[in-house]
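Here are my notes on this one, written as numbered points. Have the viewer open while you go through them.

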Amino acid sequence: MEGAGRHTITLQERKRLVAEGVRQVGTFSDTEIRADTLMGQLLLKGEGLQITELNLETGRLVVEGNFSGIIYVEGQAAMASRKDWRRLWDRLWR
């Protein structure tokens with residue numbers, strides 16, 4: 001991953017979030033997205049959330065929607081199951 005060791009989050013008008021330093025995206029829905037970052041498990045909450053860009057080689061995640069919370073979760077499993085990965089790819093390629 002390029003820029004290894006760097007983790008940033010930029011939120012624009014509570015409608016567009018850009019995160020750098022993302023390792024994986026686990027479970028996701030239109031109200032919640034969980035991602036494993038260089039700084040731990042990240043939980044995004046809101047309404048109408050959509051992953052518009054995901055590049056695990058560069059660690060970049062872009063999500064659009066109406067955000068109500070950005071939380072770092074301690075003590076949670078950081079890795080997604082294979083089923084979660086399949087759902088992510090199915091959603092991205094619709």
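1. The sheet first: six strands form an open sheet in the order E1-E2-E6-E5-E4-E3, with antiparallel pairing. Strands here are DSSP runs labelled E of at least two residues, helices are H or I runs of at least four residues, and both are numbered from the N terminus. Two strands count as paired if DSSP finds at least two bridges between them. Keep in mind that this is a predicted model: local features need pLDDT of at least 70, side-chain atom pairs count only at pLDDT 80 or more, and totals for chains, interfaces and linings use all residues. Residues are numbered from 1 along each chain as its sequence is written, and side-chain values use heavy atoms, with hydrogens and water left out.

2. Which strands stand at the edges? Strand E1 (8–12) and strand E3 (22–28) do; each has a single partner strand, so one side of each lacks a neighbour in the sheet. From one strand to the next, the twist averages 40° (axes are lines fitted to C-alpha atoms, for helices over the stretch in contact, and angles run from 0 to 180 degrees between N-to-C directions).

3. Now the E1 end of the sheet. E1 and E2 run antiparallel and are joined by five bridges; threonine 10 has valine 18 in E2 as its bridge partner. The hairpin of these two strands has three residues between them, and glutamate 13 takes a positive phi near 50° there.

4. On to the next pairing: E2 is joined to strand E6 (residues 60–73) by four bridges, again antiparallel. Alanine 19 finds its bridge partner, leucine 61, in E6.

5. Of the contacts with a separation of 6 or more, 54% are between residues 24 or more positions apart (contact means heavy atoms within 4.5 Å).

6. How far would I trust it? The chain averages a pLDDT of 85, and 73% of the residues score at least 70; pLDDT is the predictor's confidence in each residue, from 0 to 100. Where pLDDT is low, the predicted coordinates should not be read in detail.

7. Lastly, burial: 36% of the 94 residues count as buried, meaning under 20% relative accessible area (1.4 Å probe, protein chains only).

Technical notes: Buried means under 20% relative accessible area, exposed over 50%, partly exposed in between (1.4 Å probe, protein chains only).
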